[in-house]
Amino acid sequence: MSIQKSEVLYTAVATAENGRDGRVSTDDGRLDVVVNPPKEMGGNGAGTNPEQLFAAGYSACFQGALGVVARNEKADISGSTVTAHVGIGKNDDGFGIHVEITATIPNVDRATAQDLIEKAHQVCPYSKATRGNITVNLAVA
């Protein structure tokens, strides 16, 4: 479910110059990076790329959602990590992405960890935004 503009608590603003082979910066100057296509896609791979930026954002957001779920479930997720693998490739419409989220949660058993990440996937804003649009696989390390 989307939110109404009046319900927005924060808006990030980023501007790209020259698309995948240029620069991306935020209006507050905290992020200012060169972007280049990865070597696997014919680029020089010298800068970061949109898939890395998406993976960073998704993993951070998912870790936050995992924290919310863990507090509700009274589960200890201290020392946990979330890694997002974001792949890009050709599909029928041109290009598409695929995501694999892997969580390491050392203080709970595997079944509890799996339950926590499935619940986090239901509340994570990135997961909600991509649901039905891309494949997202979840795994416990």
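Guide: This is a predicted model. Phe62 has 0% relative accessibility and counts as buried.

Visitor: Why is Phe62 called buried?
Guide: Buried means under 20% relative accessible area. Phe62 is at 0%, so Phe62 counts as buried.

Visitor: What makes Tyr58 buried or exposed?
Guide: The value for Tyr58 is 0% relative accessibility, so Tyr58 counts as buried.

Visitor: How do you know where Tyr58 and Phe62 stand along helix α1?
Guide: They are 4 residues apart in α1, so about one helical turn separates them.

Visitor: How many aromatic pairs does the structure hold?
Guide: The structure holds 4 aromatic pairs.

Visitor: Why is the pair of Tyr58 and Phe62 called tilted?
Guide: Planes under 30 degrees apart count as stacked, over 60 as edge-to-face, and the rest as tilted. The planes of Tyr58 and Phe62 are at 55°, so this pair is tilted. Their ring centres lie 6.5 Å apart, and the cut-off for a pair is within 6.5 Å.

Visitor: Which residues form one aromatic cluster?
Guide: The cluster is formed by Phe54, Tyr58, Phe62 and Tyr126.

Visitor: Which residues of the largest nonpolar core touch the most other members?
Guide: This core has 26 residues, and those that touch the most other members are Tyr58, Phe62, Leu66, Ile101, Ile105 and Leu116. At least two core residues come from each of α1 (50–73), β4 (81–91), β5 (94–104), α2 (110–123) and β6 (135–140). The largest share, 8 residues, is supplied by α1.

Visitor: What is Tyr58 in contact with, leaving aside neighbours within four places in sequence?
Guide: Its contacts include Ala84, Val99, Ile101, His121, Tyr126 and Val136.

Visitor: What makes β4 and β6 the edge strands?
Guide: The open sheet has 3 strands in the order β4-β5-β6, with mixed pairing. Each of β4 and β6 pairs on one side only.

Visitor: How do you know that β4 and β5 pair?
Guide: A pair needs at least two bridges. β4 and β5 have 11 bridges, in the antiparallel sense, and Ile88 has Ile97 in β5 as its bridge partner.

Visitor: Where do α1 and α2 lie relative to the strands?
Guide: α1 lies across β4, β5 and β6, at about 140° to β4. α2 lies across β5 and β6, at about 155° to β6.

Visitor: Why is Ser80 called buried?
Guide: Ser80 is at 12% relative accessibility, and the limit is under 20%, so Ser80 counts as buried. Ser80 lies in the loop between α1 and β4.

Visitor: What makes the link between the side chains of Ser80 and Gln63 a polar contact?
Guide: The distance is 2.8 Å, and the cut-off for N or O atoms is within 3.5 Å. A polar atom of the Ser80 side chain also lies 2.8 Å from the backbone oxygen of Ile77.

Terms used:
Residues numbered from 1 in each chain as written. Predicted model: local features only at pLDDT ≥ 70, side-chain atom pairs only at ≥ 80, totals over all residues. Heavy atoms only, no water. Core = buried A, V, L, I, M, F, W, Y, C linked by side-chain atoms within 4.5 Å. Buried < 20%, exposed > 50% of the residue type's maximum accessible area, 1.4 Å probe, protein only. Contact = heavy atoms within 4.5 Å. Axes fitted to C-alpha atoms, helices over the stretch in contact; angles between N-to-C directions. Phe/Tyr/Trp six-rings, centres within 6.5 Å; stacked < 30°, edge-to-face > 60°. Polar contact = N/O pair within 3.5 Å; in protein donor to acceptor, adjacent residues only side chain to side chain.
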